[in-house]
Amino acid sequence: MMNVKGLILGMMLVTMLPRIIPFYLFDTDKLPPFVKVFLSYVPYTVLGALVLPGSLTALSGNWMIPVVCLGVAWIVGWHKGGLILPVTSAVATAVLIRMAGAM
């Protein structure tokens with residue numbers, strides 16, 4: 001049997017080092033402005049790539065509910081910004097639609 005603690009430690013190092021090393025190698029004050037703007041969009045892009053496929057397949061049998069919820073999240077996010085309020089509003093919309101038995 002493999003040493004579980006050693007395996008967990010090894011996986012921790014392999015996943016943490018690529019995330020920590022750039023903080024010590026690069027100074028963000030020296031980055032060109034266009035790179036800073038580009039990097040500011042990365043979290044939203046990654047979130048969209050992770051959330052969109054799962055949200056479209058979350059409620060099987062009816063594709064309209066996820067589309068409506070994504071539309072609500074997009075509208076709220078466009079007007080209010082942030083991440084918590086759009087996600088909360090999309091979940092609340094899904095709950096309300098399911099409770100109403102519509103769609």
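Predicted model: local features only at pLDDT ≥ 70, side-chain atom pairs only at ≥ 80, totals over all residues.
Residues are numbered from 1 along each chain as its sequence is written, and side-chain values use heavy atoms, with hydrogens and water left out. Helices (H or I, at least four residues) are DSSP runs numbered from the N terminus, as are strands (E, at least two).

Helix 4 (residues 64-80) comprises 17 residues and reaches 24 Å from its first C-alpha to its last, close to the 24 Å expected at 1.5 Å a residue, the expected span being 1.5 Å times one less than the number of residues. Within helix 4, Ile-65, Pro-66, Cys-69, Ala-73 and Val-76 are buried. These residues cover an arc of only 95 degrees around the axis, which puts them on the same side of helix 4; the arc is that of the directions from the helix axis to the C-beta atoms. The exposed residues Trp-74, Trp-78 and His-79 are carried on the face of helix 4 turned away from its buried side. Gly-71 also has its place in helix 4 and is partly exposed, with a relative accessible area of 28%; its C-alpha atom is separated by 16 Å from that of Leu-47, 24 residues apart along the chain. Just after helix 4, Gly-81 takes a positive phi of about 75 degrees.

Ser-89, which lies in helix 5, counts as buried at 17% relative accessibility, and, when residues up to four places away in sequence are not counted, Ser-89 touches Val-72, Ala-73 and Val-76. Thr-93, likewise found in helix 5, counts as buried at 18% relative accessibility, and, with residues up to four places away in sequence again not counted, Thr-93 touches Val-68, Cys-69 and Val-72.

On the side of helix 3, the axes of helix 3 and helix 4 come within 7 Å and cross at roughly 140 degrees, where axes are lines fitted to C-alpha atoms, for helices over the stretch in contact, and angles run from 0 to 180 degrees between N-to-C directions. Helix 3 and helix 4 are therefore oblique to each other, given that angles under 35 degrees count as roughly parallel, over 145 as roughly antiparallel, 65 to 115 as roughly perpendicular and the rest as oblique. In this contact, Leu-52, Ser-55 and Leu-56 of helix 3 meet Pro-66, Val-67 and Leu-70 of helix 4. By class, the contact of helix 3 with helix 4 has five nonpolar residues, one polar and no charged, with Ala, Val, Leu, Ile, Met, Phe, Trp, Tyr, Cys and Pro counted as nonpolar, Asp, Glu, Lys and Arg as charged, and the others, Gly among them, as polar.

Helix 3 (residues 42-57) also packs with helix 2 (residues 33-40), at an angle of about 30 degrees and with the axes 5 Å apart. That angle makes helix 2 roughly parallel to helix 3. Phe-38, Leu-39 and Ser-40 in helix 2 meet Val-42, Pro-43 and Tyr-44 in helix 3, and the residues of this contact divide into five nonpolar, one polar and no charged.

Notes. Contact = heavy atoms within 4.5 Å. Buried < 20%, exposed > 50% of the residue type's maximum accessible area, 1.4 Å probe, protein only.
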